[in-house]
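Visitor: I am new to this structure. Could you show me how to read its features, one at a time?

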Amino acid sequence: MSDPVTTAWKSIEAEEKQTLEALFDEDKARVERLSQRIEWGEGETSGGILFDWSKTHLTPAILDGFEELADAAGFAAAREKLLSGAKINVTEGRAAEHTAQRGTGADASVEEAQALLARMNMLVEAIHDGALGKVKHLIHIGIGGSALGPALAVDALTRDLTLVDVHVVSNIDGVALEQAFAACDPATTLIAVASKTFTTIETMTNAHSALKWLGDNGVDDPGGRVIALTANPEKAVEFGVDETRVLPFMETVGGRYSLWSSIGFPVALATGWDEFEAMLAGAQAIDRHFAETDGRANLPLRAAFADQYYTRVRGCQTRAVFAYDERLGLFPDYLQQLEMESNGKRVQVNGSPVEGPTAPITWGGVGTDAQHAVFQLLHQGTHLVPVDFIASIAPGDELDPAHHRILLTNCFAQGAALMAGGNMAADGKDPARAFPGDRPSATMLCDDLDAATLGALIAFHEHRTFANAVLMGINPFDQFGVELGKKMAKDIEGGGEEFDASTQSLLERAGLG
Ligand code: F6P
């Protein structure tokens with residue numbers, strides 16, 4: 001007798017594979033059935049996102065199968081554990097409390113998160129009020145989750161106005177830091193050192209070099225210009241940061257889920273506290289929806305159904321995300337860490353191998369640029385790539401409305417073309433001009449791209465990633481896969497060890513062997 005998870009998968013896999021065209025023909029209410037809005041706020045603070053999966057191959061029967069799978073995989077219990085602060089990250093023996101930063105979680109954790117955010121607010125306001133002298137620039141040093149969220153949010157939300165000019169530096173390659181130095185005046189620059197552990201070699205090396213740069217350029221007390229953002233405040237103090245400028249966050253907030261904590265300091269400093277809070281509020285609206293909605297009506301879960309369908313049933317190895325919005329240029333980078341570091345794993349929580357493929361490779365870019373670069377493969381290549389389009393109804397610019405109109409029409413045209421296919425030749429017969437069509441896409445259409453919407457989009461993807469993990473039986477909150485390479489780099493640095501012949505030869509050629 002097969003277990004309930006296998007039974008559910010069998011029923012999903014047994015469903016007839018209809019074309020998108022046939023699905024639209026047979027169900028006139030398909031768009032309404034597969035589209036849903038999430039809304040938040042009132043009046044000036046209101047907003048919303050429409051999620052449309054009608055151009056995917058999901059059908060009511062396939063969704064029934066996935067609901068069965070979600071039940072069999074214990075989705076509701078896992079969600080309850082996540083949102084109540086239970087130790088869901090079993091391999092590391094701790095909770096995953098990023099939602100507590102937004103007000104959902106164990107009471108004590110929500111309280112602690114609020115107190116820590118209040119402390120951050122005080123420092124942000126003090127800096128705005130001149131407590132640290134004139135501050136024009138912030139060099140934010142961090143890597144992975146300690147950089148990708150801040151870089152995305154600062155880039156997305158400060159196009160019109162920024163209170164402080166922020167440069168996010170992650171790479172150990174000195175070129176990155178030098179570029180930030182070139183853009184900043186040392187006398188008016190603060191350094192944020194963002195590291196959950198406060199031990200990451202790239203971040204610590206960059207932090208030392210940034211302090212040296214300040215000192216070499218006439219700043220009397222370089223250490224006094226540093227703000228530490230960390231879950232390891234003792235290490236920050238040991239590094240030399242005064243306690244008043246250490247902004248701690250909870251150990252239970254994972255690196256790639258930490259934008260909502262003090263890791264978001266550069267966002268608050270650049271946009272102001274109200275904007276940072278609006279971002280949290282947008283995320284909270286998604287948390288509420290995720291907590292209170294069941295089955296296919298739960299949109300992050302429904303997105304995971306589509307992800308699982310394309311990866312496991314249709315064999316898609318990648319999924320692509322194209323924001324038709326310049327402000328979301330860094331969104332694919334952010335999603336790559338969120339999805340690939342969380343779900344790029346091969347064993348389940350219980351240690352047994354995952355049956356079937358796990359996280360697809362997330363990639364993407366910005367429309368319309370990407371149309372002129374990579375869409376060729378999407379339309380005519382041999383890979384089937386499910387695509388997510390993200391766009392905003394309200395424009396982000398004040399130029400001739402033609403700009404935004406053309407942006408949006410292109411976005412919608414791509415989804416339509418991927419689905420419809422056809423032949424561009426006059427006689428309709430040229431194979432080189434043939435488009436197979438039946439290629440899936442989903443669209444997220446935002447009312448506007450403000451701080452709340454950005455928070456909502458990010459939180460939506462956090463929960464989508466979690467839902468995928470539950471359906472696969474994976475723990476999305478550890479990242480042991482990055483450790484072996486780190487250890488080998490340390491071993492090489494330490495010297496005295498022999499490596500494989502290729503590595504040894506490369507080291508020698510680079511003068512490091
Ligand atoms: O190496 C992976 C990782 O641990 C990520 O998960 C994390 O976001 C990044 O490194 C940075 O870690 P930290 O914030 O501790 O410097």
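Visitor: Which residues do ring pairs link into a cluster?

Guide: Ring pairs join Phe75, Tyr257, Phe290, Phe466 and Phe477 into a cluster. Keep in mind that this model is predicted.

Visitor: How many aromatic pairs does a search of the whole structure find?

Guide: The search finds 17 aromatic pairs. One of them is formed by Phe198 and Phe239. Their ring centres are 5.8 Å apart, with 80° between the planes. Planes over 60 degrees apart count as edge-to-face, so this pair is edge-to-face.

Visitor: Where in the chain are Phe198 and Phe239?

Guide: Phe198 is in the loop between strand S5 (189-194) and helix H9 (201-216). Phe239 is in helix H10 (residues 233-239).

Visitor: Is Phe198 buried or exposed?

Guide: Phe198 has a relative accessible area of 3%. Buried means under 20%, so Phe198 is buried.

Visitor: Now helices. What describes two packed helices?

Guide: Two things: the angle between their axes and the distance between the axes. Take helix H14 (residues 331-343) and helix H17 (residues 451-472). They pack at an angle of about 25°, and their axes are 10 Å apart. Angles under 35 degrees count as roughly parallel, so H14 is roughly parallel to H17. The crossing of H14 past H17 is right-handed.

Visitor: Which residues in H14 and H17 meet?

Guide: From H14 come Phe331, Tyr334, Leu335, Leu338, Glu339, Ser342 and Asn343. From H17 come Leu457, Ile458, His461, Glu462, Thr465, Asn468, Ala469 and Met472. By class, this contact of H14 with H17 has eight nonpolar, five polar and two charged residues.

Visitor: At what angle do helix H1 and helix H4 cross?

Guide: The axes of H1 (residues 4-14) and H4 (residues 60-72) cross at roughly 170° and come within 8 Å. Angles over 145 degrees count as roughly antiparallel, so H1 and H4 are roughly antiparallel to each other. Residues that meet include Trp9 and Ile12 in H1, and Phe66 and Leu69 in H4. The contact of H1 with H4 has nine nonpolar, three polar and one charged residues.

Visitor: Last, a loop residue. Where is Thr91 found?

Guide: Thr91 is in the loop between helix H5 (75-84) and helix H6 (107-128). Thr91 is partly exposed, with a relative accessible area of 42%.

Visitor: Beyond its neighbours within four places in sequence, what is Thr91 in contact with?

Guide: Thr91 is in contact with Asn475, Asp478 and Phe480.

Terms used. Residues numbered from 1 in each chain as written. Predicted model: local features only at pLDDT ≥ 70, side-chain atom pairs only at ≥ 80, totals over all residues. Heavy atoms only, no water. Axes fitted to C-alpha atoms, helices over the stretch in contact; angles between N-to-C directions. Helix = DSSP H or I, 4+ residues; strand = E, 2+ residues; numbered from the N terminus. Parallel < 35°, antiparallel > 145°, perpendicular 65-115°, else oblique. Left-handed = near helix turned anticlockwise from the far one by under 90°. Contact = heavy atoms within 4.5 Å. Nonpolar A, V, L, I, M, F, W, Y, C, P; charged D, E, K, R; others polar. Phe/Tyr/Trp six-rings, centres within 6.5 Å; stacked < 30°, edge-to-face > 60°. Buried < 20%, exposed > 50% of the residue type's maximum accessible area, 1.4 Å probe, protein only.
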